[in-house]
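This report describes some local features of one protein model. The sequence and structure come before the details.

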Amino acid sequence: MIFSSALDAGSEANHLAADPPGATFINGLDNHIAAAIPDALAGDSTLCRGDVIEIQGPAASGKTQLLHFFAMTCVLPLEISITCTLPSHDDSVAADASSSTRTVWLGGRGKAVAICDCDGRWSMIRLHDIIHSYLATKFTQAFGNIQAQGPEIPDAALQFTPSTSEIAKQCLKRAHLFRPTSSMSLATTLLALPTYHQQKMPDQELLMVFVDSISAFHHSDKWMIEEANLASRSATNRTAAGQPSAPRADLKAMTHITKAIQALQRSHGVITFITNWALVTPDNKSLNNYIYDNNKPFYGQHLLFPYPPPPGSNQSHVPTRHITAGSSSSPPFTITHHISLPGTEFAILPFPFGTSFADALEDGERRAVVEDQRVTALIRTLKTTPAGDSPNAVAVGSFEFAIRDHSIGVD
């Protein structure tokens with residue numbers, strides 16, 4: 001499979017403005033959403049205001065890398081005017097042998113993103129490189145006729161004004177980066193985000209919020225709860241006046257986090273991307289009506305209430321799909337789309353018994369997985385079903401992306 005950013009497929013005719021927010025720019029993911037919930041979508045937009053997209057997988061499975069791609073689609077502008085020149089180091093050739101100014105379609109949203117880097121894995125340098133690589137590809141394609149003149153000019157190389165690096169740095173100014181140190185710190189950050197964003201970027205719309213990873217403080221939270229449970233059995237768990245101690249807010253940190261996200265959904269209609277660890281072994285029985293082999297893993301949920309299990313599990317319920325901006329109600333926190341990323345034991349299958357070394361060297365499929373770091377992601381979404389059908393029907397699909405040195409390739 002040849003990977004290229006699906007942003008290239010966008011055009012001015014089918015691009016949607018900020019509301020609705022548009023597509024994911026991953027063809028496989030967009031096709032899955034369009035088939036699963038066609039009645040919930042507006043036009044060609046596969047994302048809805050208030051969507052929550054969870055990305056779950058073991059360490060080094062590509063969760064943060066996939067977030068970098070979504071961040072790029074958020075901060076890139078829709079289009080940009082670029083001047084391209086083809087200079088030469090040869091004094092006998094004019095300094096600007098060829099020059100052209102054009103409006104280049106980038107397909108981005110031109111909106112702000114807030115990143116809560118709880119794991120310490122987020123890299124603005126990596127995001128800059130991904131944007132830089134995408135821009136270089138787009139500009140080279142847009143000015144292909146000038147590039148064709150290169151062989152006639154010694155040491156010719158396209159030069160863009162503004163440069164790809166300058167544009168990438170401007171895009172990064174649309175990103176907030178926070179590094180919470182606890183679950184309560186994360187909840188406080190999310191609650192304060194609207195005020196902070198208004199002060200720092202008054203002219204920018206906040207469209208996406210990333211929490212990477214919501215499991216970062218899971219073990220410390222469990223330890224605090226267990227410690228509090230032990231303390232509650234002690235007669236000393238009282239104030240100096242003999243009254244019971246006030247409830248500790250940090251014991252309900254997940255409640256504060258989910259409520260803060262819901263507040264952002266109501267006030268700004270943000271799309272929330274949450275990465276989650278895979279601490280529970282894959283369970284092929286997590287979806288009642290489906291049977292999967294061991295190469296399609298689904299992970300159990302380990303996070304504390306009220307964080308929900310994935311769509312389609314036995315514990316799921318079916319509340320409102322998403323919260324619209326301006327809504328005053330606060331339904332249970334739900335996951336709109338759940339993405340499962342396999343670990344290395346699923347990404348690269350072992351060779352069949354008896355495979356020779358020579359045959360192994362000829363295996364192009366496994367070689368491509370290793371060299372291109374290709375990942376197959378599984379996506380689950382609660383389907384919109386006609387009246388009388390099961391409300392727990394789950395649509396299951398897949399898409400691929402590749403993690404490269406300076407870019408993220410999607411199908």
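## Aromatic pairs, cysteines and a helix

Tyr196 has a relative accessibility of 33%, so Tyr196 counts as partly exposed; buried means under 20% relative accessible area, exposed over 50%, and partly exposed in between (1.4 Å probe, protein chains only). The model is predicted, so local features need pLDDT of at least 70 and side-chain atom pairs count only at pLDDT 80 or more, while totals for chains, interfaces and linings use all residues. Residues are numbered from 1 along each chain as its sequence is written, and side-chain values use heavy atoms, without hydrogens and water.

There are nine aromatic pairs in the structure. Rings of Phe, Tyr and Trp (its six-membered ring) pair if their centres lie within 6.5 Å; planes under 30 degrees apart count as stacked, over 60 as edge-to-face and the rest as tilted. Phe178 and Tyr196 form an edge-to-face pair, because their ring centres are 5.3 Å apart and their planes are at 70°. Ring pairs also join Phe69, Phe70, Trp122, Phe210 and Phe273 into a cluster.

| Residue | Relative accessible area |
|---|---|
| Phe178 | 16% |
| Cys116 | 1% |
| Cys84 | 0% |

Zero disulfides (cysteine sulfur atoms within 2.5 Å) are found in a search of the whole structure. For Cys116, the nearest cysteine sulfur is that of Cys118, 5.9 Å away.

Helix H3 covers residues 124-142; helices are DSSP runs (H or I, at least four residues), numbered from the N terminus. Buried residues in H3 include Leu127, Ile131 and Phe139.

Methods:
Helix = DSSP H or I, 4+ residues; strand = E, 2+ residues; numbered from the N terminus. Expected span 1.5 Å × (residues − 1).
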